[in-house]
Amino acid sequence: MRIEKCWFCSSNIYPGHGIMFIRNDCKTFRFCRSKCHKHFKMKHNPRKMRWTKAYRRAHGKEMIMDSTFNFEKKRLTPTRYNRNLMVKTVRAMQIVDRIKEVRKERFHKARLAAQLRKRKTSAQKEIAKGAHLLEGPSKEKAGRGRQ
């Protein structure tokens, strides 16, 4: 049994679920639900749909390049069962998951910090634009008293 990826939104498709579309040139497309299948048939671009993984990656919302993604690649070569190898593989998968979570957390913190800096700079620009409004009439009164 294999967990496939949806062609349109990149979500997981578990065995017995989803829709498979096979084009005349024998290219297969798997979809997790009818929503993805309908958008595909309407020739919509997944990078323009805000709810897809492709959009999130294209617009910097998720990590694009990370060495931990190489472990998720499909491997079609069967290997003979070896208990020691399986134990090592499971341990390695757990370590990779921990590393991936730490990197994901770091990425999200950096992204949120950048958004906060952007908000602050826009607020500072607004303050600079209306600085004369913030000074008020007290400055004028003080200037008259000195003369």
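What follows is a set of questions on confidence, strands, rings, the core and backbone angles.

Analyst: A quick note on ground rules: this is a predicted model, where local features need pLDDT of at least 70, side-chain atom pairs count only at pLDDT 80 or more, and totals for chains, interfaces and linings use all residues. Residues are numbered from 1 along each chain as its sequence is written, and side-chain values use heavy atoms, with hydrogens and water left out.

User: Which element has the lowest mean pLDDT?

Analyst: pLDDT is the predictor's confidence in each residue, from 0 to 100, and the protein chain averages 86. Helices (H or I, at least four residues) and strands (E, at least two) are DSSP runs numbered from the N terminus. Where pLDDT is low, the predicted coordinates should not be read in detail. Strand 4 (residues 28-31) has the highest mean at 97, while the lowest, 61, belongs to helix 5 (residues 138-146).

User: How many bridges join strand 3 to strand 4?

Analyst: Two strands pair if DSSP finds at least two bridges between them. Strand 3 (residues 19-22) runs antiparallel to strand 4, and the two form a hairpin with five residues between them. One of the bridges has I22 partnered with T28. The number of bridges is four.

User: What kind of aromatic pair do W7 and F29 form?

Analyst: Rings of Phe, Tyr and Trp (its six-membered ring) pair if their centres lie within 6.5 Å; planes under 30 degrees apart count as stacked, over 60 as edge-to-face and the rest as tilted. By this rule there are seven aromatic pairs. W7 and F29 sit 5.3 Å apart centre to centre, with 85° between the planes, so by the cut-offs the pair is edge-to-face.

User: And where in the chain do those two come from, and how many residues apart are they?

Analyst: W7 is in the loop between strand 1 (4-5) and strand 2 (12-13), whereas F29 is in strand 4. W7 is partly exposed at 39%, but F29 is buried at 3%. The pair links distant parts of the chain, with a separation of 22 residues.

User: Which residue lies over the face of F29?

Analyst: A charge sits over a ring if NZ of Lys or CZ of Arg is within 6 Å of the ring centre and within 35 degrees of the ring normal. For F29, the distance from the ring centre is 4.8 Å, and the residue is K27.

User: What is the phi of K43?

Analyst: Most residues other than glycine have a negative phi, and most peptide bonds are trans. K43 is found in the loop between helix 1 and helix 2 (53-58) and is exposed, with a relative accessible area of 75%. Its phi is positive, near 60°.

Terms used: Buried means under 20% relative accessible area, exposed over 50%, partly exposed in between (1.4 Å probe, protein chains only).
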